[in-house]
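Open the model in your viewer and keep a selection panel at hand.

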Amino acid sequence: MIYINQSGYLTDGTKRAVILDPADKFDVLDSNGKSVFSGSVNYFGFDECSGDEVYTADFSEFAEEGSFTLRTDGGNVSESFTIGSDVYDKLFDDISKAFYYLRCGCGLDEKHAGVYKHGKCHHTKAVLWEDNSVEIEASGGWHDAGDYGRYVTAGATALAHLLYGYVLFPKAFEKQNLNIPESGNGVPDMLSECRYELEWLLKMQRADGGVYHKLTTKGHAAFVMPDDDKGQLYALPVSSMATADFAAVCALAYRVYQKFDSTFAGKLLEAAERAEKWLEANPEFLFDNPKECTTGGYGEWNDEDNRFWAYAELFATTGNKTYHDKMKSALKKNFPITHLGYASVGGLGALAYMTCGRAECENPLVEKFRKAYADEAEMLAALTQESGYGAAMSEKHYFWGSNMNLMKHGMIFAIATACCQKDYTAYAQKQLDVLMGINALGISYVTGNGYYRCNYPHLRPSSADGIEECIPGMVIGGPNKNPVEPTARQFISDGTPPMKSYVDREEFYSLNEITIYWNSPAVFTTAFLLK
Ligand code: 9MR
Ligand code: ZN
């Protein structure tokens with residue numbers, strides 16, 4: 001068996017394959033079966049996370065474009081793969097367009113959604129959980145995941161990944177045409193898509209600046225199309241994490257949208273500063289997810305990192321000394337400063353500070369953040385080398401949504417390359433390789449991409465639409481060594497290595513769901529590789 005990146009390899013990029021049977025030599029064959037490159041197979045040995053004995057082939061030096069296969073002298077032949085500068089264009093567009101398919105409060109029309117069209121969903125008013133007599137209009141945004149809930153901290157995290165992807169690697173986004181309703185309006189499509197979520201976020205804010213934690217029905221809907229989910233919508237109580245993440249992402253979005261639409265940008269900054277006032281007036285950690293509401297909790301244990309992120313973005317946007325002081329004082333709390341969400345967001349604050357380029361930034365602090373990212377990248381690079389599959393993952397990373405970890409590690413390599421003067425491109429590439437098929441199951445974890453791909457995610461519309469091929473571009477949660485569904489043990493026996501603890505079946509949300517903040521780090525990492 002030979003595992004390859006099923007989306008292909010960039011012409012000048014790192015190119016590798018994993019082989020499971022003994023071999024000494026390999027050839028790259030062109031479409032006529034002629035050998036165009038040969039190399040030695042490396043014996044890696046036992047790979048912990050998969051339990052596999054692994055051999056690898058590195059053909060990075062081979063930089064011809066076209067369609068090829070890889071053959072070993074051990075008798076294995078790979079599926080065919082493409083080498084070219086545009087091999088990730090479809091993947092990048094699909095994982096970016098996934099957000100359009102998750103739009104809520106509108107219908108998806110045939111022109112943009114094709115067979116995945118549906119009627120207008122979740123457009124009725126919500127009532128406050130605490131006082132059902134108060135109605136609010138908060139339609140819009142993206143469905144979070146396989147469920148139809150909309151959660152502020154999750155949305156803010158996904159937005160931050162996408163917006164920072166644009167800030168750091170704008171070229172990748174500038175040429176995109178996602179065929180969404182806003183395409184051709186002069187704004188990069190990914191930013192139009194993000195604006196759809198931001199407009200919803202703005203509706204989640206109360207007049208006093210506080211932000212409702214989530215907007216969902218009382219429990220998850222049945223597996224019906226979004227427009228058939230007619231349950232009463234509730235706005236759940238304001239939380240300090242939601243308010244802080246809201247302030248942060250609105251302040252960040254101000255910097256991004258100012259040049260496209262200064263009125264919209266102004267609204268975002270006003271909202272961010274109003275949220276900050278609420279944070280000031282409410283210094284305590286505040287979160288209440290009533291247990292009668294059984295949709296996603298998105299609980300956290302503290303909000304110090306969230307507040308830090310908010311002040312860092314507000315400072316980056318305004319240069320205001322008060323925000324700088326508050327940011328520094330929040331930083332005293334000692335949370336991780338390279339974590340990129342959804343729950344732990346200190347790394348996003350550090351990113352704001354490192355990349356804003358303000359004269360008011362203090363050098364030792366910039367250096368502290370750079371060093372933290374550089375150290376993290378070194379640690380992950382070491383993990384990558386210890387993995388036969390090239391995954392910057394150890395056993396502890398294989399929990400619910402492990403592909404988020406994989407892609408966030410891709411983000412760390414990208415950020416360290418952009419900010420810390422060392423090139424980790426090859427490491428980031430390897431994380432994408434793992435996602436796209438160089439993994440212990442040889443499967444592509446992105447729907448609609450790859451010859452052997454996930455197709456039955458825990459995703460309501462994909463189940464209810466009766467269409468065999470899943471909506472494309474959805475990044476699957478992936479292997480989880482502790483699936484929460486007892487019946488998963490019928491498919492994954494006890495003792496299965498973490499990288500193999502996965503099954504492509506709709507009922508297993510802790511293995512096979514999708515969510516916006518699993519797609520967003522994949523968009524970021526791919527944008528970096530395409531830069
Ligand atoms: O992604 C979340 C994962 O880290 C948690 O372990 C899990 C249980 O709390 O919840 C996941 O988030 C889900 C959310 O609660 C509801 N929408 C779908 C999300 C992805 O499964
Ligand atoms: Zn909806």
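Where does ligand 1 sit? Select ligand 1 and display the pockets: ligand 1 sits in the largest pocket. Keep in mind throughout that this is a predicted model.

**Stop 1: the shell**

Next, select the residues around ligand 1. They are Asp144, Ala145, Asp147, Tyr151, Gly296, Tyr298, Tyr342, Trp400, Glu513, Thr515, Tyr517 and Trp518. Colour this shell by residue class and it divides into seven nonpolar, two polar and three charged residues.

**Stop 2: polar side chains at the ligand**

Show side chains for Asp147, Glu513 and Tyr517, all from the shell list. For Asp147, draw a distance from a polar side-chain atom to a nitrogen atom of ligand 1; the value is 2.8 Å. For Glu513, an N or O atom of the side chain lies 2.9 Å from an oxygen atom of ligand 1.

**Stop 3: the whole chain**

Along the principal axes, its C-alpha atoms fill a box of roughly 70 × 55 × 50 Å. The radius of gyration is 23 Å, which agrees with a compact globule, because one of 531 residues would have a value near 24 Å.

**Stop 4: the loop between helix 9 and helix 10**

Select helix 9 (321-331) and helix 10 (346-355), then the loop between them, where Tyr342 is placed. Tyr342 is one of the residues around ligand 1. A cis peptide bond joins Gly341 to Tyr342, with omega at about 0°. Finish on Asn334, which lies in the loop between helix 9 and helix 10. Asn334 is not a glycine, yet its phi is positive, at about 65°.

Notes: Residues are numbered from 1 along each chain as its sequence is written. Chains are lettered from A and ligands numbered from 1 in the order in which they are written. This is a predicted model: local features need pLDDT of at least 70, side-chain atom pairs count only at pLDDT 80 or more; totals for chains, interfaces and linings use all residues. Side-chain values use heavy atoms; hydrogens and water are left out. A residue is near a molecule or strand if one of its heavy atoms lies within 4 Å of it. A polar contact is a pair of N or O atoms within 3.5 Å; within protein, one must be able to donate a hydrogen and the other to accept it, and residues adjacent in sequence count only if both atoms are side-chain atoms. On a 1 Å grid over the protein atoms alone, a cavity is a set of points where a 1.4 Å probe fits but cannot get out, and a pocket is an open set with protein on both sides within 12 Å along at least five of seven lines; lining residues have an atom within 4 Å of a point. A molecule sits in a cavity or pocket if more than half of its atoms lie within 2 Å of its grid points. Ala, Val, Leu, Ile, Met, Phe, Trp, Tyr, Cys and Pro count as nonpolar, Asp, Glu, Lys and Arg as charged, and the others, Gly among them, as polar. The radius of gyration is taken over C-alpha atoms; the globule rule is 2.2 Å times the number of residues to the power 0.38. Helices (H or I, at least four residues) and strands (E, at least two) are DSSP runs, numbered from the N terminus.
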